[in-house]
Amino acid sequence: MPRKKAAKPPAKGLLARLTEWIDREGPITIADFMQLCIGDSEFGYYASQQAFGLEGDFITAPEISQIFGELLGLWAVAVWQSMGEPANITVAELGPGRGTLMADALRAFASMPNFAGRLSLALIETSPALRKLQARSLCSRGVAVEWFESLEAIPPGPLIVLTNEFLDALPIRQLVWRGGSWRERSVGLDANSKLAFTELPSDARGEELAVAMAPEAHEGAVLELRPAAREIVAALAARATTAPMAALFIDYGHEQSGLGETLQAVRQHRYAELLSDPGEADLSAQVDFADLKRWAEAYGLNAYGPMPQGAFLLKLGLEVRRDRLLQVARPEQQPAIISGAARLVDPAQMGLLYKAMAFTDGTLPPPPPFSAEL
Ligand code: SAH
């Protein structure tokens, strides 16, 4: 006789599950903590929260101004032309959020029927809730849209990848310099069973950056490593050996590798405690563009940038696009168009902290606007 299925235990929040897990198995690394807090498909931040926009916890460039996605769309068209206009082209986005960037890019593609007619969209997104929002904004617009688990799963062929604020959400490890060696910052429990930072022995000896930074490290110095970003670069490099490939990464981060901790929790447009309310706040950390570039070049890709977002968007024609929008906008829409465009490029806002970096296979010419630099 078939046994009756045991009743499912009542769902618990992430804090309770984490506490139970750590109590049983011991501390988890910062990378695992970050992965669970933002990536858990049931309780993770992106699965359960309305993250983006004015009413969300933070606002991203595509949500600020449609010009952002339109210019990235035009960038993709220019890159496709530099590939010799292949008959089929996949434009992929990693971490598309609400699908706004791609929806605006599609608007830009509409004026390029040659490109739009040969296009398939490939989306890589871990959050089921966000996949639904992406479907709502991108399906039934006359272009094939498909979701994939990874870059490797996208069918072979020419590929253009767009990403905004994707890398900053990938888990980081934090190494702490203690008594002459690196230790792995981890999350354990204190005497009251509350989440608390702790440090464990680490296997950092094989990590090139950890070795390189050791002579500069002082007691307590923190070094952040992002192995998942390196895996993305490796997957792009593998594709680039079989077909034309170009990828654009826009994110907040620094140009030089260095010591210092940048992991932050943001909730309702304010910084929050890292360990309080896991799954309720967005966790992200600055992108180390220099490290990415080193890996890309080591894998045989051409790497361009990082260029500050302000310069990048201005060189792609942000002002021309803004002025065209203003011409057709109603008077009451104009202030938002002007302030949105300014926010993207203003050095005191997103213009300098955010940066653009592009990778291409070795055969392609430098993509715009990096081409103008050489
Ligand atoms: N690009 C969007 C969203 C940025 S937030 C914008 O600019 O508005 C980060 C996005 O990456 C979310 O969609 C999140 O669910 C997704 N994400 C985070 N980690 C991921 C991973 N490992 N694989 C795929 N998507 C991921």
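This is a predicted model: local features need pLDDT of at least 70, side-chain atom pairs count only at pLDDT 80 or more; totals for chains, interfaces and linings use all residues.
S140 sits in the loop between α8 (128–138) and β4 (144–148). Check its backbone: phi is positive, about 55°, although S140 is not a glycine. Most residues other than glycine have a negative phi. S140 counts as exposed because its relative accessibility is 77%, and the cut-off for exposed is over 50%.

Next, go to S193. This serine lies in the loop between β7 (181–189) and β8 (195–201). S193 is not a glycine either, yet its phi is positive, about 60°. With 43% relative accessibility, S193 counts as partly exposed.

Now show R185 and F197. R185 lies over the face of F197, 5.4 Å from the ring centre.

Turn to the peptide bonds. Most are trans. Select G305 and P306: a cis bond joins them, with omega about 5°. P306 belongs to strand β15 (residues 302–308). Then select P368 and P369. Here too the bond is cis, with omega about -5°. P369 is in the segment after β16.

F370 lies after β16 (354–360), while F312 is in helix α12 (residues 309–315). The pair links distant parts of the chain, 58 residues apart.

Last stop: select W80, F109 and F115. Ring pairs link these three into a cluster. The model's count of aromatic pairs comes to 9.

Definitions and conventions:
Residues are numbered from 1 along each chain as its sequence is written. Side-chain values use heavy atoms; hydrogens and water are left out. Rings of Phe, Tyr and Trp (its six-membered ring) pair if their centres lie within 6.5 Å; planes under 30 degrees apart count as stacked, over 60 as edge-to-face and the rest as tilted. Helices (H or I, at least four residues) and strands (E, at least two) are DSSP runs, numbered from the N terminus. A charge sits over a ring if NZ of Lys or CZ of Arg is within 6 Å of the ring centre and within 35 degrees of the ring normal. Buried means under 20% relative accessible area, exposed over 50%, partly exposed in between (1.4 Å probe, protein chains only).
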